[in-house]
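Here is a brief report on charged side chains. It looks at how they pair and where they gather. The structure comes first.

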Amino acid sequence: MTDERTAPDDRTKWRAFAICVSVAALTILDLSKVNVGLPSIEQALDAGPTALQLIVAGYALAFGLILVPAGRYGDLHSRRRMFMIGLSVFGAASLACAVAPSVGILIGGRILQGIAAGLLMPQVIGLIQQLFVGKERGRAFGLFGAIIGLSTAFGPTLGGLLIAIGGPEDGWRLLFWMNVPLAIILLPIAARLLPKQQPHEAGAGSLDPVGIVFLGLAVLSLMLPFVLTTGSPGDDPARWWLLVAFAVFAGLFAWWEGRYQRAGKTPVVDFSLFKLGSYRNGVLISTTYFAAMPATFLTLTLFVQQGLGLEPVFAGMITIPFALASAVSSWLSGRVVDRLGRPLVVGGLVLVVVGFSLNSLLAFITPPEITPYAMGAAMLLAGIGGGAVISPNQTLMLADIPVASGGVAGSIGQLGQRIGTAVGLAAATATFYATVYSENGGDASGASLDVYHDAYRNSTLVTIGFVVVALVFALLDTRSRKVAAAAPESPQ
């Protein structure tokens, strides 16, 4: 029960990997492709700002809530089983979204989609950890990062294309319909290819339900006030009191986990993982980086659609250069990360800061008819940097993690990303719309291009700030690695 009896051959490993990353891509696409559908959903279902925010951020909220318990369960029992359950639920939830007659049902379907994505992603990370070792794992995570980068950046383009095909009234439904046949096709293939056995942590057998409840309440109370932030004057300031509840539940969670571990049981989160500098710093980098990325794509889409008046399909095309550059850069980075290490991530973050800064400047100074092309060129530069961040950081973050803990370790990293996404989306969109409301007399409709220029500039400053914080963490990690490497040479 503790070890695999037979290791899969190379062909089987890479085919299983292909299934894993295909499903991961579906879950990430739903973080970005729905953005361009928001104006259509607003018109078709008479959705207000809070409802639109819940459609986007509610998915990330549910995603984050389920990640750690799903990763823990997969590590203890069967990643394959959890993968199959998650994919089935994702297909069913996508169907519910596609036929939703009201915005309330659509929000419910999106939350269920997020739960399914939270079931799936830890299994994907854990299975990659399980299937590959050494340099081969770096290449696998390089490809994984390339595909995730493509999914994130191509999402708006794909969403715009589907809306163009389906029409302005019901085209947004195709955003969800596309998941249904894909889930049906992938389910039997996954059942055949994913490994049926996996290594387990010796002596681990408890799921720690009390710890899971405390963790879930802590994550919910942390993310919810940001999910409910739209930037409109109607936002209820009382939502920030939920952060007090977060502090209470986080304290209870830490207390319970310590008590649980002292009793000789295995807690839902092994805090000893955070003693590993490579893991701890990797989580901090990915959390702050993902606070910037989805928010960047959303505010860019808002600017070019509402400010420049671009159709959704053309608005999404601006991110194509980022997607292509990121994919190539991620694949190349996965091949050299073992040799270059953390400085590769530092260089990537610097390029992202330069690219985003240039993108904001060009949006402001170029004529409107040239602006989309100029922004696309700046996003190309940012994409080169972005590809050198996600997959190398994933590889470095999990390098010292035991395979038996790969699912829960990966799920904590993914939880950081989802928390970062919720915080970043709230901060950037609130800044965007607060600027519009402030400069347009308290009304978001009929604002001039100058107002949208200011809104986009201000929101971009927020997202650049998150990337700079990630850069600081990467520099600190680089320094600590140098100190650790020199330590054996020091006199005892």
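## A buried pair

Arg79 counts as buried, at 0% relative accessibility. Buried means under 20% relative accessible area, exposed means over 50%, and partly exposed lies in between (1.4 Å probe, protein chains only). Asp75 is buried too, with a relative accessible area of 3%. The side chains of Arg79 and Asp75 meet in a salt bridge, 2.8 Å from N to O. A salt bridge here is a side-chain nitrogen of Lys or Arg within 4 Å of a carboxyl oxygen of Asp or Glu.

This is a predicted model: local features need pLDDT of at least 70, side-chain atom pairs count only at pLDDT 80 or more, and totals for chains, interfaces and linings use all residues. Residues are numbered from 1 along each chain as its sequence is written, and side-chain values use heavy atoms, leaving out hydrogens and water.

## Other salt bridges

The structure holds eight salt bridges. One of them joins Asp477 and Arg342, with the closest N and O atoms 2.7 Å apart. This pair links distant parts of the chain: Asp477 lies in helix H18 (residues 449-486) and Arg342 in helix H14 (residues 342-365), 135 residues apart. Helices are DSSP runs (H or I, at least four residues), numbered from the N terminus. Both Asp477 and Arg342 are buried.

Asp454 and Arg457 also pair through their side chains, at 3.3 Å from N to O. They sit three residues apart in helix H18, so about one helical turn separates them. Asp454 counts as buried at 16% relative accessibility. Arg457 is partly exposed, at 33% relative accessible area. Elsewhere, salt bridges that share partners join Asp30, Lys33 and Arg110 into one network.

## A positive patch

Which residues gather in a patch of positive charge on the surface? They are Lys135, Arg139, Arg335 and Arg339. Patches are made of residues with over 30% relative accessible area and no salt bridge, with like charges joined within 9 Å. Lys and Arg count as positive. The place of a charge is NZ for Lys and CZ for Arg.

Helix H6 (134-166) and helix H13 (320-340) each give two or more residues to the positive patch. Arg339 is found in helix H13. Arg339 is exposed, with a relative accessible area of 66%. Accessible areas come from the Shrake-Rupley method with a 1.4 Å probe; for residues, only the protein chains shown count as cover.

Definitions and conventions
Patches are made of residues with over 30% relative accessible area and no salt bridge: like charges are joined within 9 Å, nonpolar side chains (Val, Leu, Ile, Met, Phe, Trp, Tyr) within 5 Å.
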